Amino acid sequence: MSTMTGTACCLALIVAGAFSISVNNGRYEDVNIVIQDTVAENEILLERIQEVFTKTSQMVFQASKQHVYFGQINIILPKTWSWKPEYTGIPARSELESYITVDEGKVKTPQTKRKIKKCGSPGRYIYLHTDFLLTKGKTKWGYHENVLVHEWGHLRWGLFDEYSMRNKERFYLDKGVWNPVRCSESVKGKVGKGTRCNSAASKCDTKYTKRAMHKQCKFCPDEAQTKSSMSSIMAYNWMDAVSTFCDNEDDKTVPVHQRHNRKAPNKHNSKCGGRSAWEVMREHDDFKTVPLSASTNTTPIFKMLRESDDYRVFVLDVSNSMQGTRIATLYQACEYIIQTKIPEDSWLGIVWFSSSASTMMNITQITSQQVRDALIAAVPQTTVGATCIGCGIDEALSILSSKLGDPAGSEIMVISDGQNNRGDLDASIENAKEANVIIHTISVSQDADERMISMATETGGIHISYLETGTISFASVFIELLSSGVTSFATESTTLLSEKLDSLSSTTVSFSFDIDSSVGINTTVSILQGSSTDISIEVQSPEGTVYTEQTTGGDILILDIPGTAVTGKYNATVTTQTSSSFEYYVTSLPKGSEVVRISSWVTPINLDFFTGELPVIEADVMKGRAAVLNAIVTAVVETGGNESCEVALLDNGADPDDTVDDGVYAGVIPRFCLYQNGRVSAKVYARGENGTTSVQDVFSGAGSPDSDEDVNPEVLQDNFQRVSLPSEILVSNYSSIIANKDITAPGRITDVSIIDISTENTQYGESRNFTITWTATGDDINVGQATEYELRISDDINVL
């Protein structure tokens, strides 16, 4: 096996491509399969991926009625794998759109992660465990191609599961009978208890409606089912005969076995308003063309891409509007990031822009402290001139192209505080898009150009604001944008604590933090303050060990906890000679792949206040790939003023949360937090308490015969804390008149359940009392209290 040496071979083989799925005459191109760096190098795994996805391509073609198939699949390998001549090098990057990731860990179930949980909206990624791919023949979730077409329905077309939801009813009353949740209604099977419905069938009589169906009763489709009675793949991916999606039940030209069951209380009906999978799919661009020939060759072309080092350029605003505190804060944040957060062997260039742009440090590989010092020396400390953001982007593209030939996949970080008033910024953004270069942006203050947001979203980047006041610091925003690459999900540094104090009432500041059992390697406590003076810090471990560090006349102090930090609570005390504001961070590397992590996002990014829509903040809290339950998750919302709002994020399944106990916590930003046009930033905190917070390995994903059985979560035995910054929101059309109107509807109620039916005979005949339950909604989605509830009852579900 050959090993790559030097950089020339890698630089000559930088791949072109948008790194997002495209369709060319029904042929999917740039379908990305990312192998995480926790997976050991394995040629057999690569062979199995190609075998599995070749079969899946043919099934996608058949299930889509000959509209689409996999044409080109990129298998992205981590840089920890050896280099081979047949590989193509790509720069490590932080984001991909709608991809497939391969990892190892406790969670075995194939599943799709979403950000926007609306019908027809694409997913973030499909997760596959190596065991699933390496298994020959049928897996517990069905044949590989069945499972992957099911998950592709989630990822690409925004479909939802058509089997019963966990902890929800498996039956529904209609026309005097308990009907099992299934799609279509022609699926044959039996009702009983246990994994194969082999026990206590007498207690699961579907015709006995005088009491609620026992919660352990379930429907088990017959294994030997013919295709003439089997649909849909969103319901029964583990069944051999399933090969298609359900279609409109009112269309008599649709075969009976393919007709959708809109009565079934499943996630797809709830999210898609009772529409069938095919009704949703027909609205997708994939199905706007005529079907392809049945003889189409659906065998994909596989490309092996291996991550190389990171290639970044900092594009820094040095215009006159940045003078004073802003340029000083920019310098300090860059100094800290270059000194501590830019990975060894990665590449960095520095460009300044004002009325024009200049390269202050060409693309340089970070191999020593001397290189880091030279890069820090290239960070600006003075300002001059106007603002030409596009000049900075074009200069960065130029030096990236000179270094790499093709800069595709590399990253530009643009930092600016003002309106672009020189050059053609839109043309420069188009140049970046054509070069397939990602732009991340930090908007400094409310005055930053609004296109700072769009240039990030249009190139696949991240955008966050630094609004100068509040708890969100410049350096923390910078940290959020940095990544070691898409293959480093489980091995990147984790931020445990991040705080900024705008003013100090004392020269002593105390804080505490928890080291949980999933982290503890290379733990650092960093202090940044606005002026150069003496700083000292003392940190006491749970065992009583005291660590100290101090600096004279500096503005950055970093304390390293040697070795592996022990689990438990640490108490820190910082003493400074100045009362100016300062910030502190605690970061740590994971001990293994099962690390607690949090990612967060907001929707929508661009909020039209006039519509009455309210933004939703969501946070995905995971340990490895498993859901973390019963965590305390809150978001602090800031607009750059002196006030902030705190929003509780819940995982209770009530709107705006999507699914109870899936580890994704959601909350609505109330209207009173949005009191002006402009940017809104948020910081999300997640905290876990020992004995209360738990981890659930199986919570969603591809169905199997036992997927709705009860699962006992693992209770965590130590505390944890995490911090995340979602992208900013841009509010437009604010009106104080609208702000005082009740124009936002209550949240949808999707969890009405019959939990008990009691029957008795009275002098007026038989009487039945139904006990029903639902989660209370709010006046504005989940904010406030609803004025009234309206209950309706019918013996015909179609009437309802």
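The following questions and answers go through a predicted model.

Student: What is the mean pLDDT of the protein, and where is the pLDDT below 50?
Tutor: Of the residues, 96% reach a pLDDT of 70 or more, and the mean is 90. Where pLDDT is low, the predicted coordinates should not be read in detail. That caution bears on a stretch that has 43 contacts in the model beyond near neighbours in sequence, yet has pLDDT below 50: residues 1-18.

Student: At roughly what angle do the axes of helices H2 and H4 cross, and is the crossing left-handed or right-handed?
Tutor: Helix H2 covers residues 43-63 and helix H4 residues 144-157. Their axes come within 8 Å and cross at roughly 65°. The crossing of H2 and H4 is right-handed.

Student: Which residues of H4 make the contact with H2?
Tutor: On the H2 side the contact is made by Arg48, Val52, Phe53, Lys55, Thr56, Met59, Val60 and Ala63. By class, the contact has 7 nonpolar, 3 polar and 3 charged residues. From H4 come His144, Glu145, Asn146, Leu148 and Val149.

Student: How are the rings of Tyr28 and Trp152 arranged, and how many residues apart in sequence are the parts that the pair ties together?
Tutor: The ring centres of Tyr28 and Trp152 are 5.2 Å apart, with 65° between the planes, and the pair is edge-to-face. Both Tyr28 and Trp152 are buried. Tyr28 lies in strand S2 (residues 27-29) and Trp152 in helix H4, so the separation in sequence of the parts tied together is 124 residues.

Student: What is the angle between the planes of Phe61 and Tyr69?
Tutor: Phe61 and Tyr69 are both buried. They form an edge-to-face aromatic pair, 6.1 Å centre to centre. The angle between their planes is 85°.

Student: Is Ser346 buried or exposed, and what is its relative accessible area?
Tutor: Ser346 lies in the loop between helix H7 (325-340) and strand S15 (347-353). Leaving out residues up to four places away in sequence, Ser346 touches Asp309, Asp310, Thr364, Gln365 and Ile366. Buried means under 20% relative accessible area. Ser346 is therefore buried, as its value is 2%.

Methods:
Residues are numbered from 1 along each chain as its sequence is written. This is a predicted model: local features need pLDDT of at least 70, side-chain atom pairs count only at pLDDT 80 or more; totals for chains, interfaces and linings use all residues. Side-chain values use heavy atoms; hydrogens and water are left out. pLDDT is the predictor's confidence in each residue, from 0 to 100. Contact means heavy atoms within 4.5 Å. Axes are lines fitted to C-alpha atoms, for helices over the stretch in contact, and angles run from 0 to 180 degrees between N-to-C directions. Helices (H or I, at least four residues) and strands (E, at least two) are DSSP runs, numbered from the N terminus. A crossing is left-handed if the near helix is turned anticlockwise from the far one by less than a right angle, and right-handed if clockwise. Ala, Val, Leu, Ile, Met, Phe, Trp, Tyr, Cys and Pro count as nonpolar, Asp, Glu, Lys and Arg as charged, and the others, Gly among them, as polar. Buried means under 20% relative accessible area, exposed over 50%, partly exposed in between (1.4 Å probe, protein chains only). Rings of Phe, Tyr and Trp (its six-membered ring) pair if their centres lie within 6.5 Å; planes under 30 degrees apart count as stacked, over 60 as edge-to-face and the rest as tilted.
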